[in-house]
Amino acid sequence: MNCDNMKQLLISYHNNEVDPGEPDAIKAHLETCPDCQLEHRSIIDVQSKFKQVLSTTAELVSPPPDAWLAIQGRLDPNRNRFAGLTERIARATRNFLDTPVWQKRLVGSLTALTTLALVATVIL
Ligand SMILES: [Zn+2]
């Protein structure tokens, strides 16, 4: 393993996100390479400071008392305006397919006439 590979893997290694077998090769390289040891120490230092800032900031911030209720309301599937849309489209399609051909042609003709009337209204 060379230093370029190491620098790409060090953050993942620090977060225990490397593939099995890689930690041994990474440890072996770290034991012998001062540049990568320095890089690894700087990653540890930055992440430690980042965690410290996050925990300090989290202690200072508190959500409004009704925050959880607002989140729950947004997660409620009954509030989803698209809930059941697929079923409604399927039902409308089934109803349309079950109608006699003359009715489909009538609906098609009326739709075309309405579209033409709207276009003519906009153009004229
Ligand atoms: Zn190295």
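**Group meeting: helices and domains in a predicted model**

Okay, let's start with two helices, α1 and α3, which are roughly parallel to each other because their axes cross at roughly 30 degrees, and angles under 35 degrees count as roughly parallel, over 145 as roughly antiparallel, 65 to 115 as roughly perpendicular and the rest as oblique.

Before I go on, some housekeeping. This is a predicted model, where local features need pLDDT of at least 70, side-chain atom pairs count only at pLDDT 80 or more, and totals for chains, interfaces and linings use all residues. Residues are numbered from 1 along each chain as its sequence is written.

Back to our pair. Helix α3 covers residues 34-60, and α1 covers residues 3-14. The axes of α1 and α3 come within 10 Å; an axis here is a line fitted to C-alpha atoms, for helices over the stretch in contact, with angles running from 0 to 180 degrees between N-to-C directions.

H40 is worth a stop. It lies in α3, and leaving aside neighbours within four places in sequence, H40 is in contact with L10 and L30. Is H40 buried or exposed? H40 is buried, because 20 other C-beta atoms lie within 10 Å, and the cut-offs are 20 or more for buried, 12 or fewer for exposed, and partly exposed in between, with C-beta atoms placed from the backbone.

Now α1 against α2, residues 22-32. Those axes come within 11 Å and cross at roughly 115 degrees, and this crossing is left-handed. M6, L9 and Y13 in α1 meet E22, P23, I26 and H29 in α2. L9, again leaving aside neighbours within four places in sequence, is in contact with V18, E22 and I26.

Which residues make up the largest nonpolar core? M6, L9, L10, I26 and C36, five residues in all. Helix α1 gives the most to this core, with three residues. A nonpolar core, by the way, is a set of buried Ala, Val, Leu, Ile, Met, Phe, Trp, Tyr and Cys residues joined through C-beta atoms within 7 Å.

Still in α1, there's S12. With 13 other C-beta atoms within 10 Å, S12 is partly exposed, and beyond its neighbours within four places in sequence it is in contact with E17 and V18. In the loop between α1 and α2 sits N16, which has a positive phi of about 55 degrees although it is not a glycine. N16 is exposed, with 7 other C-beta atoms within 10 Å.

Last bit, the overall layout. There's domain 1 (3-60) and domain 2 (84-123), with bounds that come from an automatic or database domain assignment. Their C-alpha centres lie 61 Å apart. For a residue pair, take H40 and I89: 49 residues apart along the chain, with C-alpha atoms separated by 56 Å. And over in helix α6, residues 101-123, we have V107, which is exposed, with 12 other C-beta atoms within 10 Å.

Methods:
Helices (H or I, at least four residues) and strands (E, at least two) are DSSP runs, numbered from the N terminus. Two residues are in contact if their C-beta atoms, placed from the backbone, lie within 7 Å. A crossing is left-handed if the near helix is turned anticlockwise from the far one by less than a right angle, and right-handed if clockwise.
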